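Me: Could you take a close look at the strands and how they pair, and then at the charged side chains that join parts of the chain? I would like one connected answer, with the cut-offs stated as you go.

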Amino acid sequence: MKQINNKSKILIVGLGLIGGSYAKALTKKGYKVRAITLDSSDIEYAIDKGFLEDGTTAVTKEYLAWADVIVFSLYPHTFIEWLKKYGSMIKKGTLCTDVTGVKSCILSDAQALMPEGVEFIAAHPMAGRERSGVRHSDETVFHGANYIVVPTEKNSEEAIECCKKLGEELGFYRISVLDAESHDRMIAFLSQLTHCIAVSLMCTNDTPGFEAYTGDSFRDLTRIAKINGEMWSELFIRNKQFLLDEMDNFINQFTTLRNMLENEDKEGMCEMMRISTQRREKFDKPKVNK
């Protein structure tokens, strides 16, 4: 397996928000980037904007053979379906990775579907936007963000290092390594639960005209409620038990706060707020100059 550098040829399968952002970041670093995606207009857009060398809607052995690295930017079920249909065509020596938001439910299948001599190493870019599609892609979403490599016992140290290098080239601030179960448990709390809360909050009150009175706190808290329902509902279901556990934990804490309010327990509420303030300070994004 070759080391990743800007001589490596990168093929992105699925040119949406994240796939497009990968293409922009890597092209700026001097990489040659191509894509396979369903909509030819997305390819035309990316080529016209200068962040894609070439693209196609047809999957062929010859096109796949061009790549040193293939990045799968697909929904979990689509990723596995793609591998079942085309995975055998990937050439020996290619390094494959992904951007999928859940890991335990796909890792064994993905690795089993790779042909001999092709290694799949999972990764999760902890970045995104409320809007989907390549036209909303932006490589700056990776700046100051976290990138997680999710290896299994089948992965080589070389592949893990290559995947870390890819994260560095994309511009991520912090690169971590987690096993699949730890990743999925973590993502249930840090990402999926927060989306559940934002969606629930927006569905709690439909009073007309509220947008004329809101402040930044409401906008900040509900930013992620503008959500890709097709993708997130699949992610929720595929991480069901971990997410249910975190939802129960949240309900318990919310009920505790409600009871404190009902009993006018100011001291208890202040203590919860002290804890939340102390913990939240650790999560501020670093200022990164790029």
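Reply: An open sheet is formed by six strands in the order β3-β2-β1-β4-β5-β6, with parallel pairing; strands here are DSSP runs of E with at least two residues, helices are runs of H or I with at least four residues, both numbered from the N terminus, and two strands pair if DSSP finds at least two bridges between them. The edge strands, each pairing on one side only, are β3 (54-56) and β6 (119-120). This is a predicted model, in which local features need pLDDT of at least 70 and side-chain atom pairs count only at pLDDT 80 or more, while totals for chains, interfaces and linings use all residues. Residues are numbered from 1 along each chain as its sequence is written, and side-chain values use heavy atoms, with hydrogens and water left out.

Within that sheet, β4 (residues 69-72) and β5 (residues 95-98) run parallel and are joined by four bridges, and Phe72 stands opposite Asp98 in β5. In a regular strand the side chains alternate between the two faces of the sheet.

Strand β7 (residues 122-126) runs antiparallel to β8, and five bridges join the two; here Pro125 has Tyr147 in β8 as its bridge partner. Strand β9 (residues 174-177), by contrast, runs parallel to β8 and is joined to it by four bridges, with Ile175 in β9 as the bridge partner of Tyr147.

Turning to the charged side chains, the structure holds 12 salt bridges, each being a side-chain nitrogen of Lys or Arg within 4 Å of a carboxyl oxygen of Asp or Glu. One of them is formed by the side chains of Lys28 and Glu139, at 2.5 Å from N to O. Because Lys28 lies in helix α1 (residues 17-28) and Glu139 in the loop between β7 and β8, this pair ties together parts that are 111 residues apart in sequence. Lys28 is exposed at a relative accessible area of 65%, whereas Glu139 counts as buried at 11% relative accessibility.

Arg34 counts as buried at 19% relative accessibility, while Glu53 is partly exposed, with a relative accessible area of 37%.

Within a helix, the side chains of Arg185 and Glu181 meet in a salt bridge of 3.4 Å, N to O; these two are separated by about one helical turn because they are four residues apart in helix α7 (residues 180-202). Arg185 is partly exposed at 40% relative accessible area, and Glu181 is partly exposed at 45%.

For the chain as a whole, the secondary structure comes to 11 helices and nine strands, and buried residues make up 44% of the 290 residues.

Definitions and conventions:
Buried means under 20% relative accessible area, exposed over 50%, partly exposed in between (1.4 Å probe, protein chains only).
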